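The sequence and the structure come before the text.

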Amino acid sequence: MIIENKILTLANMTGKIALQNGAETYRVEDIITRICRHHNLNAQCFVSITCIITSVKNHRGEIYSAVERINSRTINLNKVHSINQLVRDLNKYNFHKFTEEVNKINREVPYSKYTYFLAYCLGAFFFALLYKGSLADGIVAFVGGGLVFLISDFANKLQTNTFFLNTLGGSICTLVSYLGVKLGILSTVSYSTIGMLMLLVPGIAFTNAIRDLVVGDLVSGISRAVEAFLIGIALASGTGFALFLILKLGEI
């Protein structure tokens with residue numbers, strides 16, 4: 001017999017994987033509720049960007065509750081899609097097989113670090129060109145994009161504060177562009193800097209904030225919006241500090 005605690009733990013774990021990889025809160029609540037309902041449990045679920053609280057009631061009226069803390073988040077929409085599809089095909093799996101599939105998705109590493117490194121480089125390169133930069137702007141942004149990835153990867157290993165990471169990222173983007181100007185490669189820091197900064201702009205976080213607000217998840221929506229706003233402030237602060245430093249050095 002599958003006891004309620006195991007079902008509740010599995011449901012919360014599945015929801016946590018989705019939330020940690022960029023899913024909206026209403027989608028996470030739907031995932032958890034579907035799993036519990038499939039096993040004849042009446043679920044009440046509350047999800048924010050930092051916490052999952054789920055309470056279930058069985059046919060005897062017994063209530064079980066669990067809290068899952070969310071300490072880190074990233075963006076992997078392929079995992080969100082896989083979890084979402086798996087839950088909608090619940091009837092095809094028994095409890096143990098479903099658990100194995102969830103764990104398999106959780107362990108999945110879609111790309112190597114080399115692929116991510118190249119994606120950062122190419123992303124910055126084409127963003128610089130998109131904003132009317134020259135080929136030279138794109139090349140400098142290409143180099144800077146790779147540097148941004150290396151710093152982000154190292155900071156993630158140290159579990160560095162997100163605000164500090166984005167402030168540092170904004171500074172690095174500006175300093176790399178300034179170095180390009182000093183070497184005579186660029187005539188302005190603008191286009192290459194913008195190309196690199198776009199790698200750090202919280203587009204999905206802001207989009208999810210709007211979607212959460214639209215469906216009535218006010219706490220999560222406001223939290224995500226504030227998170228995106230703070231990231232924007234961090235990037236602006238880092239860029240501003242670097243420009244201030246450049247101006248000061250130019251006066252010396």
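How many residues lie between E1 and E2 in their hairpin? There are two residues between these strands.

The model is predicted, local features require pLDDT of at least 70, side-chain atom pairs count only at pLDDT 80 or more, and totals for chains, interfaces and linings use all residues. Residues are numbered from 1 along each chain as its sequence is written, and side-chain values use heavy atoms, with hydrogens and water left out.

**Sheet and helices**

Helices (H or I, at least four residues) and strands (E, at least two) are DSSP runs, numbered from the N terminus. Two strands count as paired if DSSP finds at least two bridges between them. The open sheet has three strands in the order E1-E2-E3, with antiparallel pairing. Strand E1 (42-48) and strand E3 (63-69) are the edge strands, each pairing on one side only. On average, neighbouring strands of the sheet are turned by 10° against each other, direction ignored. Such angles run from 0 to 180 degrees between N-to-C directions, with axes fitted to C-alpha atoms, for helices over the stretch in contact.

Strand E2 (residues 51-57) pairs with E3 over seven bridges in the antiparallel sense, and valine 56 stands opposite tyrosine 64 in E3. Helix H1 (residues 4-20) packs on the sheet and touches E1, E2 and E3, its direction making about 30° with that of E3. Contact here means heavy atoms within 4.5 Å. Helix H2 (residues 25-38) lies across E1 and E2 and runs at about 155° to E1. E1 and E2 also pair in the antiparallel sense over seven bridges.

**Cysteines**

Cysteine 45 stands opposite threonine 54 in E2. The structure holds zero disulfides, a disulfide being a pair of cysteine sulfur atoms within 2.5 Å. Cysteine 121 is in no disulfide either, and the nearest cysteine sulfur, that of cysteine 173, is 12 Å away.

Buried means under 20% relative accessible area, exposed over 50%, and partly exposed in between (1.4 Å probe, protein chains only). Cysteine 45 is buried, at 18%, and cysteine 121 is buried, at 2%.

**Asparagine 21**

Asparagine 21 sits in the loop between H1 and H2 and is buried, with 6% relative accessibility. Its side chain reaches the backbone oxygen of isoleucine 17 at 2.6 Å. Leaving aside neighbours within four places in sequence, the contacts of asparagine 21 include Thr74, Asn76 and Val80.

**Aromatic pairs**

Rings of Phe, Tyr and Trp (its six-membered ring) pair if their centres lie within 6.5 Å; planes under 30 degrees apart count as stacked, over 60 as edge-to-face and the rest as tilted.

| Pair | Centre to centre | Angle between planes | Type |
|---|---|---|---|
| Tyrosine 111 and tyrosine 116 | 6.0 Å | 90° | edge-to-face |
| Phenylalanine 117 and phenylalanine 149 | 6.1 Å | 75° | edge-to-face |

The phenylalanine pair links distant parts of the chain, 32 residues apart: phenylalanine 117 is in helix H5 (residues 113-130) and phenylalanine 149 in helix H6 (residues 135-157). Phenylalanine 117 is partly exposed at 33%, whereas phenylalanine 149 is buried at 10%. Phe117, Tyr120 and Phe149 form one aromatic cluster. Tyrosine 111 is partly exposed, at 49%, and tyrosine 116 is partly exposed, at 34%.

Conventions: A polar contact is a pair of N or O atoms within 3.5 Å; within protein, one must be able to donate a hydrogen and the other to accept it, and residues adjacent in sequence count only if both atoms are side-chain atoms.
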